[in-house]
Amino acid sequence: MNQNEFVLLINPFKDKLFRLAKRLLVSTEEAEDATQEILVKLWSKNGNLDAYNSVEAMAMTMTKNYCLDQLKSKRAGNLKIVHNNYTDREPSLDKKVEDNDSLNWVEKIIDQLPEQQRLIIQLRDIEQCEFSEIAKIVEMNETAVRVALSRARKTIREYMLKTHSYGVQ
């Protein structure tokens, strides 16, 4: 596989790799480094990439594993998972403030989820990955992914209901 073929192969999903890395590592610089590292690893395997059913799924798994390793290392001790992919469409100021507050609560709730549920929420609700892709990336069967996603969403929903109904009886 030559360089042009490799670029054509990875171009459709390289931004997805970056977004996953950014989601896990928070720092743009760390995410760029992680993405570049994964692309270098993929290039080193370029002769064998045809043997894989989904190069994208393999790359997403490699990115996830690399980022988790970075989070465990000493130099990434102060990084945390946050949600910052929210955009709004010019609502009123009070709606913006309310949405921002809700987003902050959701971020806090997601931070409290188990690592696996955080990753599944990111892949399904943010990256819009299919359940089959997520199952490959997190090395679970699709049913277990659906259950974990359901539990994560339920936890978020319960915390949000509790937060919004605080003091209301």
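Analyst: Cys67 is buried, because its relative accessibility is 0%. Cys129 also counts as buried, with a relative accessible area of 1%. The structure holds 0 disulfides. The model is a predicted one, with an average pLDDT of 83 for the protein and a score of at least 70 for 87% of the residues. Among the elements, the mean pLDDT is lowest in α5, at 82, and highest in α7, at 92. Where pLDDT is low, the predicted coordinates should not be read in detail.

Helix α4 covers residues 55–72. Of its 18 residues, 13 are buried, so that the helix is mostly covered, buried meaning under 20% relative accessible area. The length of α4 can be checked as well: at 1.5 Å a residue its 18 residues should span 26 Å, and the end C-alpha atoms are 26 Å apart, so the two values agree.

The largest nonpolar core has 41 residues. Within this core, Leu42, Ile120, Leu123, Val138 and Val145 touch the most other members. The elements giving two or more residues to it are α1 (3–10), α2, α3 (28–44), α4, α5 (93–112), α6, α7 and α8. Helix α4 provides the largest share of this core, 7 residues.

With its neighbours within four places in sequence left aside, Val145 is in contact with Ile120, Phe131, Ile134, Ala135, Val138 and Met140. Two of these contacts, Ile120 and Val138, are also named with Val145 among the core residues that touch the most other members.

Now the charged pairs. Across the whole structure, a search finds 5 salt bridges. One of them joins the side chains of Glu127 and Arg19, at 3.1 Å from N to O. This pair links distant parts of the chain, 108 residues apart: Glu127 lies in the loop between α6 (115–126) and α7 (131–138), and Arg19 lies in helix α2 (residues 14–25). Glu127 counts as buried because its relative accessibility is 6%, under the 20% limit, whereas Arg19, at 38%, counts as partly exposed.

A second salt bridge is formed by Arg153 and Asp125, whose closest N and O atoms are 2.4 Å apart. It too links distant parts of the chain, with Arg153 in helix α8 (residues 142–164) and Asp125 in helix α6, 28 residues apart. Arg153 is partly exposed, with a relative accessible area of 34%, and Asp125 is partly exposed at 29%.

The salt bridge between Glu158 and Lys154 has its closest N and O atoms 4.0 Å apart. Both residues belong to helix α8, and because they are 4 residues apart, about one helical turn separates them. An α-helix has 3.6 residues a turn, so residues three or four places apart point the same way. Glu158 is partly exposed, with a relative accessible area of 44%, and Lys154 is partly exposed at 45%. Elsewhere, salt bridges that share partners join Lys16, Glu56 and Glu133 into one network.

Notes: Residues are numbered from 1 along each chain as its sequence is written. This is a predicted model: local features need pLDDT of at least 70, side-chain atom pairs count only at pLDDT 80 or more; totals for chains, interfaces and linings use all residues. Side-chain values use heavy atoms; hydrogens and water are left out. The expected span of a helix is 1.5 Å times one less than its number of residues. Buried means under 20% relative accessible area, exposed over 50%, partly exposed in between (1.4 Å probe, protein chains only). A nonpolar core is a set of buried Ala, Val, Leu, Ile, Met, Phe, Trp, Tyr and Cys residues joined through side-chain atoms within 4.5 Å. Contact means heavy atoms within 4.5 Å. pLDDT is the predictor's confidence in each residue, from 0 to 100. A disulfide is a pair of cysteine sulfur atoms within 2.5 Å.
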